[in-house]
Amino acid sequence: MVWDKDEIMTRSDLERMQLHLMQATLKRVSTRVPFYRNKFSEEKIDYETITCVEDLQRLPFTTKQDLRNNYPYGMFAVPLRDVVRIHSSSGTTGMATVVGYTQNDINNWSHLVARILTAAGVGAEDVIQIAFGYGLFTGGFGLHYGAEKLGASVIPISAGNTRRQIQIMQDFKTTALVCTPSYALKMADVMMDLGINPNGLSLRYGLFGAEPWSEKMREEISERLGIVATDNYGLSEVMGPGVAGECQECSGLHVNEDHFLMEVLDPETLAPVTPGEIGELVLTTLTKEAFPVIRYRTRDLTRLLPEPCPCGRTFNRIQRIMGRTDDMLIIKGVNVFPTQIEAVLFDIEGTQPHYNLIVEREQNEDRVTILVEVVESIFFDQMKKQRMMVDMIKKRLAAELGVGVNVKLVEERSLERFNGKGNRVIDKREL
Ligand code: DLL
């Protein structure tokens with residue numbers, strides 16, 4: 001087992017360190033970022049009176065809208081001359097936000113990504129193929145610098161051109177693949193089309209993140225590619241990849257608590273949930289120089305896994321992200337997450353884990369239709385058998401979701417595949 005020493009510090013040492021770093025961050029933002037200075041003065045908060053980690057709860061939140069209001073550089077805590085890198089969020093849910101890093105920030109970021117790669121089993125002897133987009137998205141460069149820091153051999157191939165990815169994987173003897181889980185699945189499909197047996201490759205590890213995925217999808221990817229598949233999480237507003245990642249126990253993601261303070265809060269009341277209950281993850285950076293954030297509302301839903309991890313790391317774990325509060329569909333009053341649908345489809349023989357979810361509103365009623373890819377033998381089967389399949393899927397989905405949906409079978413490979421983050425929901429409602 002390889003840890004860095006900070007990952008196994010005692011909780012009391014960690015809390016002491018967190019308090020010290022939190023106080024320094026509060027001083028930094030109060031003196032350097034007008035947004036926080038104004039907010040603290042409006043709410044009559046004197047950062048010097050924050051004397052324990054729990055006092056964090058007195059501080060105001062930061063939202064994506066706050067970052068947008070301060071576009072592009074208003075939230076930076078250093079002059080631009082000290083910024084060595086600028087990234088921007090993917091902007092999938094609206095206008096993009098801009099984030100900056102000092103050289104120290106980049107060093108910490110690389111360190112944390114290297115830590116996550118190590119926890120997932122990857123080391124200096126590995127050949128890591130980074131199939132995340134390189135560019136303003138933090139995935140490519142974030143993983144790249146971390147993998148270099150680890151001393152691994154890095155193939156900066158970026159996303160797309162799947163046949164070439166596979167060719168390189170064969171020729172360069174890639175041992176670890178880094179991309180979104182959607183893209184890993186697409187690679188497995190293309191390998192099958194090309195008649196390539198993944199067991200003949202050198203691939204041993206897959207590190208996947210940047211989008212929600214289910215346990216069933218992990219099983220499918222692990223089986224089809226013959227790898228240990230781990231989950232890693234992050235977001236550009238807080239740093240990028242490297243905020244949290246799974247160890248080889250594959251049961252929850254350790255949060256890098258020496259750099260980030262986490263809270264899990266009820267998204268409605270914003271009060272802490274009971275440890276172990278599902279809530280919104282809220283993060284405060286402890287070491288960021290250029291772009292510190294206080295109580296950033298990630299909109300990601302998860303729960304704290306309070307039991308200690310058998311791996312020995314003392315950093316708390318969170319369960320895989322179920323989805324974002326803004327991805328959550330409210331259908332006939334019931335909360336539905338796309339990952340729930342994915343998990344059901346993975347379990348049904350003859351369906352493919354590829355689907356589209358279309359939401360419409362007719363006469364003030366929500367109507368959901370799920371387009372499900374099925375294997376050729378079913379798609380071209382008799383009407384009667386197809387109807388039975390539709391009924392069965394409907395029943396299984398209704399049991400899982402608690403609400404009825406329509407199901408339509410579509411031909412294999414007819415729905416869009418993704419090289420980066422997948423988007424399977426088409427919401428046609430004008431709300
Ligand atoms: O996706 C950073 C990243 C890159 C993480 C590569 C891991 C690997 P953004 O583009 O800002 O940054 O998107 C952040 O993606 O708030 C989550 O909703 C979602 N997300 C990221 N990782 C996971 C994950 C990167 N492992 C947003 N599981 C976050 C579920 C994830 N959702």
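Mentor: Helices (H or I, at least four residues) and strands (E, at least two) are DSSP runs, numbered from the N terminus. This is a predicted model, where local features need pLDDT of at least 70 and side-chain atom pairs count only at pLDDT 80 or more, while totals for chains, interfaces and linings use all residues. Residues are numbered from 1 along each chain as its sequence is written, and side-chain values use heavy atoms, with hydrogens and water left out.

Trainee: Where is Thr138?
Mentor: Thr138 belongs to helix 5, residues 138-150.

Trainee: Is Thr138 buried or exposed?
Mentor: Its relative accessibility is 6%, so Thr138 counts as buried. Buried means under 20% relative accessible area, exposed over 50%, and partly exposed in between, using a 1.4 Å probe and protein chains only.

Trainee: Which residues is Thr138 in contact with?
Mentor: Contact means heavy atoms within 4.5 Å. Leaving aside neighbours within four places in sequence, the contacts of Thr138 include His87, Tyr101, Trp109 and Ser236.

Trainee: New topic, the ligand. How many residues surround the ligand?
Mentor: The ligand is surrounded by 21 residues, and the closest are Asp231, Asn232, Ser236, Asp300 and Lys421. A residue is near a molecule or strand if one of its heavy atoms lies within 4 Å of it.

Trainee: What does Ser236 do there, in terms of distance?
Mentor: One polar side-chain atom of Ser236 is 2.6 Å from an oxygen atom of the ligand. For Asp231, an N or O atom in the side chain is 2.7 Å from a nitrogen atom of the ligand.

Trainee: And Glu211, where is that found?
Mentor: Glu211 sits in the loop between strand 6 (205-209) and helix 8. With 10% relative accessibility, Glu211 counts as buried.

Trainee: What joins the side chains of Glu211 and Ser182?
Mentor: A polar contact of 2.4 Å. That term means a pair of N or O atoms within 3.5 Å; within protein, one must be able to donate a hydrogen and the other to accept it, and residues adjacent in sequence count only if both atoms are side-chain atoms. Glu211 also touches Lys421, among others, not counting residues up to four places away in sequence.

Trainee: Last one. Which residues of helix 8 and helix 9 meet?
Mentor: From helix 8, Lys216, Met217 and Glu220 meet Glu342, Ala343 and Phe346 of helix 9.
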